[in-house]
Amino acid sequence: ACGIEAAAGRLAVRSLSQQLERLRRSLRLPSNFAEAGLRREEFEAKRPALVEAALADPCGRTNPVPVTRDLVERILQAVAP
């Protein structure tokens, strides 16, 4: 659907991920909260509210992967400063 061709599902996911990373870099967007200027203390103070906001977002109901507290926590950990 994105115009990224691959022989297998895993390769397609990897190709999509690589294309998204290239797009992020070309737009000069930060890859994590630290690059965006957020300090760890501020992040940790706001983390509970970020989790609750993500869980309350109605878009999560139509997400192909169930949006759980654990998933949101893992995503936040990946981008933590």
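This is a predicted model: local features need pLDDT of at least 70, side-chain atom pairs count only at pLDDT 80 or more; totals for chains, interfaces and linings use all residues.
Setting aside residues up to four places away in sequence, L38 touches F33, F43 and P81. In soluble globular proteins, nonpolar side chains tend to be buried together.

**The pair α2 and α3**

Two packed helices are described by the angle between their axes and the distance between the axes. Helix α2 covers residues 40–56 and helix α3 covers residues 69–79, and their axes come within 10 Å, crossing at roughly 140 degrees. Angles over 145 degrees would count as roughly antiparallel, and α2 and α3 are therefore oblique to each other. The handedness of the crossing between α2 and α3 is right-handed.

Which residues of α2 meet α3? On the α2 side they are F43, R47, L50, V51, E52, A54 and L55, and their partners in α3 are R69, V72, E73, L76 and Q77.

R69 is placed in helix α3, and with residues up to four places away in sequence left out of the count, R69 touches V51, E52 and L55. Is R69 partly exposed or buried? Its relative accessibility is 42%, so R69 counts as partly exposed.

**Separation in sequence and in space**

The following pairs set the separation along the chain beside the distance from C-alpha to C-alpha.

| Pair | Separation in sequence | C-alpha to C-alpha distance |
|---|---|---|
| R69 and V51 | 18 residues | 6.9 Å |
| P48 and V72 | 24 residues | 10 Å |
| G37 and T62 | 25 residues | 31 Å |
| R74 and F33 | 41 residues | 14 Å |

The pair P48 and V72 is 24 residues apart in sequence and 10 Å apart in space, whereas G37 and T62, at 25 residues apart in sequence, are 31 Å apart in space.

**Exposed positions in helices and loop**

P48 has its place in helix α2, and with a relative accessibility of 51% it counts as exposed, because the cut-off for that class is over 50%. R74 lies in helix α3, where R74 is likewise exposed, with a relative accessible area of 53%.

G37 is found in the loop between α1, residues 9–26, and α2, and at 54% relative accessibility G37 counts as exposed. R28 is found in the loop between α1 and α2, and R28 is exposed with a relative accessible area of 75%. What is the phi of R28? R28 has a positive phi of about 60 degrees, although R28 is not a glycine.

Methods: Residues are numbered from 1 along each chain as its sequence is written. Side-chain values use heavy atoms; hydrogens and water are left out. Axes are lines fitted to C-alpha atoms, for helices over the stretch in contact, and angles run from 0 to 180 degrees between N-to-C directions. Helices (H or I, at least four residues) and strands (E, at least two) are DSSP runs, numbered from the N terminus. Angles under 35 degrees count as roughly parallel, over 145 as roughly antiparallel, 65 to 115 as roughly perpendicular and the rest as oblique. A crossing is left-handed if the near helix is turned anticlockwise from the far one by less than a right angle, and right-handed if clockwise. Contact means heavy atoms within 4.5 Å. Buried means under 20% relative accessible area, exposed over 50%, partly exposed in between (1.4 Å probe, protein chains only).
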